[in-house]
Amino acid sequence: MNPAAPALRADADEIIRRSLQAVLPDEAVRRALSGKEFSGKIYLLAVGKAAWQMAQAALPILPPIEEGIVITKYGHAKGSLENCRIFEAGHPVPDQNSFLAAEEALKMAEKAGKSDHVIFLLSGGGSALFELPLIPAEELSDITAQLLGSGADIVEINTIRKRLSAVKGGKFALACAPAEVFSIVLSDILGDPLDMIASGPAEPDRSTAADALRIAEKYHLRLSEQAWAFLREETPKALSNVRSVITGSVRELCRAAGEAALSLGYTPVFLTDRLCCQASEAGKFLSSILKSHADSGRSLAFIAGGETVVRLTGKGKGGRNQELALAAAEGIAGLQNAALFSIGSDGTDGPTDAAGGYADGETRLRLSEQGISIYDALAQNDSYHALQAVGGLIITGPTGTNVNDLSVGLIHGE
């Protein structure tokens, strides 16, 4: 066994632990609410993978709320919250619980009057979790699956989603009027565009009907005439009853990873916080960087944040971070001092219980000894089972935050 392997894995696990701890929403929510005063009745809506954690942080700071609704992914709620109804719903494809929760949120919004406030806590995943479709639910699910399977990025997906929804693209804020909406946002989209995070339920929409039509044509989406008609309609371009603040983003995640790596003796090298290509291509690129520096004699940590995509070609199990790590395993095969990991900051990667994947210079050999081909596993999108077979899964459980993905390549120097 490579003597450097245990140290590399231990360092990776520690960087993961510290990075995630640094971007938990608790302190960010407290900071956003510090010194704020709200008149009238207060209603609270928390939406997204980090919704429960954000609501838990906000409730002790706010005056007693009139009513609250928390909508999050299955398994992400951690108990009851005072005066709040908690809904767990489908992600990445919305389900009946998504629709029911959104309908209840709209009913709550209608109760808010001119002197009241709606505190809106928003995090990634909200596009699926907070949904009330204007078209049949079956068609919306099919359109979402078409977009995910074709490799569309999150901005493209949300441009379509908001036009087919009764709550996205600023429509929830319109439902709250004349009440004021104070929106606290945990960003999971590169560049932090407020109108795209969870499809912007409380933000003026900068995308246009022409953008939506172009995306539908680009991916040859199969749509009903009703869906085509909604894509041609414009969304709200101005909202006077909303104030918004971004509380966290992938930049903070990358910065925290760099600080953790530095404390462990690595020199951090920041590559990008906007990684947005195919997952397997990202893995190949990051592995090529590690190969170039493997004989430098220095301990280096190459850091990239963002969100890659997966083009579905098989029927296996996995996620974009696992696929990235498995693709990198091919490139760093044989290197005794190199490793790479990639994780989703929310603790889930695709439809799996893993946050992501880890690979080092021995991963390909260990897979081969079990009769597993990296090429075949990638072709089948079966990175989960491949990495599981060699101890390469990273499992954190739900983290309570969601600020995109983190990929780190490590070189252990002399």
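Cavities and aromatic contacts

Mentor: In this predicted model, the largest cavity holds about 40 Å³ of space, and the structure has three cavities of 30 Å³ or more. The lining of the largest cavity is made up of Ser187, Ile189, Leu190, Gly191, Asp192, Ser249, Val250, Arg251, Asp273, Arg274 and Asn404. Sorted by residue class, this lining comprises three nonpolar, four polar and four charged residues. As for secondary structure, helix 11 (250-263) and strand 7 (267-275) each contribute at least two residues to the lining of the largest cavity.

Turning to the rings, a pair of aromatic rings is described by the distance of the centres and the angle of the planes. The count for this model comes to four aromatic pairs. Phenylalanine 38 belongs to the loop between helix 2 (25-33) and strand 1 (42-47), whereas phenylalanine 182 belongs to strand 5 (residues 180-186), so the pair ties together parts that are 144 residues apart in sequence. Phenylalanine 38 has a relative accessibility of 12% and counts as buried, because the cut-off for that term is under 20%; phenylalanine 182, at 4% relative accessibility, counts as buried by that cut-off too.

Phenylalanine 130 and phenylalanine 172 form an aromatic pair with an edge-to-face arrangement, the centres lying 5.6 Å apart and the planes at 80° to each other. Here phenylalanine 130 is found in the loop between helix 5 (126-129) and helix 6 (137-150), while phenylalanine 172 is found in helix 8 (residues 171-176), so that this pair ties together parts that are 42 residues apart in sequence. Phenylalanine 130 and phenylalanine 172 are both buried, and together with Phe120 they form one aromatic cluster.

Terms used
Residues numbered from 1 in each chain as written. Predicted model: local features only at pLDDT ≥ 70, side-chain atom pairs only at ≥ 80, totals over all residues. Heavy atoms only, no water. 1 Å grid on protein atoms, 1.4 Å probe; cavity = no way out; pocket = protein on both sides within 12 Å on 5 of 7 lines; lining within 4 Å. Points joined across faces, edges and corners; volume = space filled by probe spheres on them. Helix = DSSP H or I, 4+ residues; strand = E, 2+ residues; numbered from the N terminus. Nonpolar A, V, L, I, M, F, W, Y, C, P; charged D, E, K, R; others polar. Phe/Tyr/Trp six-rings, centres within 6.5 Å; stacked < 30°, edge-to-face > 60°. Buried < 20%, exposed > 50% of the residue type's maximum accessible area, 1.4 Å probe, protein only.
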